[in-house]
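The sequence and structure come first.

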Amino acid sequence: MTAETDTQTTTVYRVTGMTCGHCEGAVTSEIAALPGVTSVKAVAASGEVTVVSAAPLADEDVRAAVDEAGYEFAGQV
């Protein structure tokens, strides 16, 4: 799911393998380092990661960040 406003884009992704707060922190850190990202909220219980960015992000970039954190990117919700 992607929602765009005049200045920001909010996208929800599914990430598998997260089971705790440490997992959420690892995914959040890696995605937050992507250019243009202003906010990341990862929820292990649902596997959802909500990302707010200045412009839409390429799925490949998000996938690489999630892979770097050690989890599996399962696409947009």
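In this predicted model, helix α1 (residues 21–32) packs against helix α2 (residues 59–69) at an angle of about 140 degrees, and their axes lie 8 Å apart. Angles over 145 degrees would count as roughly antiparallel and those from 65 to 115 as roughly perpendicular; α1 and α2 are therefore oblique to each other. Their crossing is right-handed. On the α1 side, the contact is made by A26, V27, E30 and I31. The residues of α2 that take part are V62, A65, V66, E68 and A69.

Read from the N terminus, the order of elements is β-β-α-β-β-α-β. The radius of gyration of the chain is 11 Å, close to the 11 Å that the globule rule gives for 77 residues, so the chain is as compact as a globular protein of that length. Along the principal axes, the C-alpha atoms fill a box of roughly 35 × 20 × 20 Å.

Further values for the protein chain are tabulated here.

| Property of the protein chain | Value |
|---|---|
| Share of the 77 residues that count as buried | 36% |
| Share of contacts between residues at least 6 apart in sequence that join residues at least 24 apart | 61% |
| Share of the accessible surface that belongs to carbon and sulfur atoms | 50% |

Technical notes: Residues are numbered from 1 along each chain as its sequence is written. This is a predicted model: local features need pLDDT of at least 70, side-chain atom pairs count only at pLDDT 80 or more; totals for chains, interfaces and linings use all residues. Side-chain values use heavy atoms; hydrogens and water are left out. Helices (H or I, at least four residues) and strands (E, at least two) are DSSP runs, numbered from the N terminus. The radius of gyration is taken over C-alpha atoms; the globule rule is 2.2 Å times the number of residues to the power 0.38. Buried means under 20% relative accessible area, exposed over 50%, partly exposed in between (1.4 Å probe, protein chains only). Contact means heavy atoms within 4.5 Å. Accessible areas come from the Shrake-Rupley method with a 1.4 Å probe; for residues, only the protein chains shown count as cover. Axes are lines fitted to C-alpha atoms, for helices over the stretch in contact, and angles run from 0 to 180 degrees between N-to-C directions. Angles under 35 degrees count as roughly parallel, over 145 as roughly antiparallel, 65 to 115 as roughly perpendicular and the rest as oblique. A crossing is left-handed if the near helix is turned anticlockwise from the far one by less than a right angle, and right-handed if clockwise.
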